[in-house]
Amino acid sequence: MDFKKIDKILETAPSFRRAQVKRFIFKNLIEDWEEATSLSKDLRALMSSKFSLNIEHQRSESKENNTTKELITLEDGFQIETVLMRHEDGRNTVCVSSQVGCALGCDFCATGKLGFFRNLTANEIVMQVLLFNRLLKKEGKQVTNVVYMGMGEPMLNYENVINSIHFMNNKDVFGLGARKFSISTAGVVEGIKKLIKEPMEINLAVSIHAPNDKLRTALMPINKKWNLKQLFTAIDEYIAKTNRRVMLEYTLIKNVNDSLIEAAQLKELARNKLCFINLITYNKTKFYAPPSSAVVKRFADYLEKHRVAFTFRQRFGHDIAAACGQLARKKK
Ligand code: SF4
């Protein structure tokens, strides 16, 4: 789906006609040009011959009914996964993929095991949100938040990621406010520096997952390029320049990073910073397992006792392999 093509197809048409056609795609969320009844028959025929609205996808629903995963087949045959999370407070968050596969090879992540194939275009990112907006429309709802936490490292596809945000922020598209977008990075410092200069107020999340360099390098090879000191210098700079709170993601993995020693190291990293920790319990893969609930509680109690701001991330879609670290498709 190349949205720029619309202007080209309609280059001789008056501008109100182009706006009307776009409204059908992004606001009325039509899936077939025949639904665009206020367009002339000829225009409907022209659009259906030149601009397909079809998104090839396969849907899975979680048992709890709060998570939907879509497997999307792209035009070149690659497949990506994208996830809708329905929060109890009414938010509908889409976790979008930004790349096919990922080059960063985090040891606990199914996407990382695939290797890297290619960046997604801005249109392919927007298409993931469009697909869920079509689904939610049937329930009288819409996507309220977009997080770049699916397959891939968004900071390594920075231009397309930012372009997709600008596009979805446009009131004629989804009109989602800048603060409704969060970019999550495994620690690409040069990406954080670019985001600091971005005029839009986009949220930053950083995957920490290990509070010392030795463990982090073993789990996340990117730590060899930018270690924790360099990463936190960039986080401090982001906070100083933007005055926005940064989310530090920490996935608890059984017997890897779940002891009180790591809790104390994490506390030191987060101390006196405008940030909060998002604690996540690892979703079982064949590589690692989640800690017991007693161990999770011990870790959380330590943070609480030392007044470190944290939240537990609600678990979504682990039964359909839609949770963090479980997304992995790339078939061509
Ligand atoms: S956790 Fe993120 S950055 Fe790391 S390999 Fe997986 S997709 Fe890539």
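Buried means under 20% relative accessible area, exposed means over 50%, and partly exposed is whatever falls in between (1.4 Å probe, protein chains only). These close-ups come from a predicted model, where local features need pLDDT of at least 70, side-chain atom pairs count only at pLDDT 80 or more, and totals for chains, interfaces and linings use all residues. Residues are numbered from 1 along each chain as its sequence is written, and side-chain values use heavy atoms, with hydrogens and water left out.

**View 1. Arginine 271 pairs up with glutamate 268.** The closest N and O atoms of this salt bridge sit 3.0 Å apart; the term covers a side-chain nitrogen of Lys or Arg within 4 Å of a carboxyl oxygen of Asp or Glu. Arginine 271 has a relative accessible area of 43%, so it goes down as partly exposed. Glutamate 268 is partly exposed too, at 42%.

**View 2. Aspartate 236 reaches lysine 273.** Here the side chains meet in a salt bridge at 3.3 Å, N to O. Aspartate 236 belongs to helix α10 (residues 228–242), while lysine 273 is in the loop between α11 (260–270) and β11 (275–281), so the pair ties together parts 37 residues apart in sequence. (Helices are DSSP runs of H or I with at least four residues, strands are E runs of at least two, and both are numbered from the N terminus.) Both ends are partly exposed: aspartate 236 at 34% and lysine 273 at 24%.

**View 3. Lysine 171 meets aspartate 172.** This salt bridge has an N to O distance of 3.8 Å. Lysine 171 counts as exposed at 63% relative accessibility, whereas aspartate 172 is partly exposed at 48%.

**View 4. Asp7, Arg18 and Lys22 form one network.** What joins them is salt bridges that share partners. Searching the whole structure turns up 19 salt bridges.

**View 5. Helix α5 packs against helix α6.** Residues 122–137 make up α5 and residues 158–169 make up α6; the angle is about 50° and the axes are 8 Å apart. Axes are lines fitted to C-alpha atoms, for helices over the stretch in contact, and angles run from 0 to 180 degrees between N-to-C directions. The two helices are therefore oblique to each other, a label for whatever is left after under 35 degrees (roughly parallel), over 145 (roughly antiparallel) and 65 to 115 (roughly perpendicular). On the α5 side, Ala122, Ile125, Val126 and Val129 make the contact (heavy atoms within 4.5 Å), and their partners in α6 include Val161, Phe167 and Met168.
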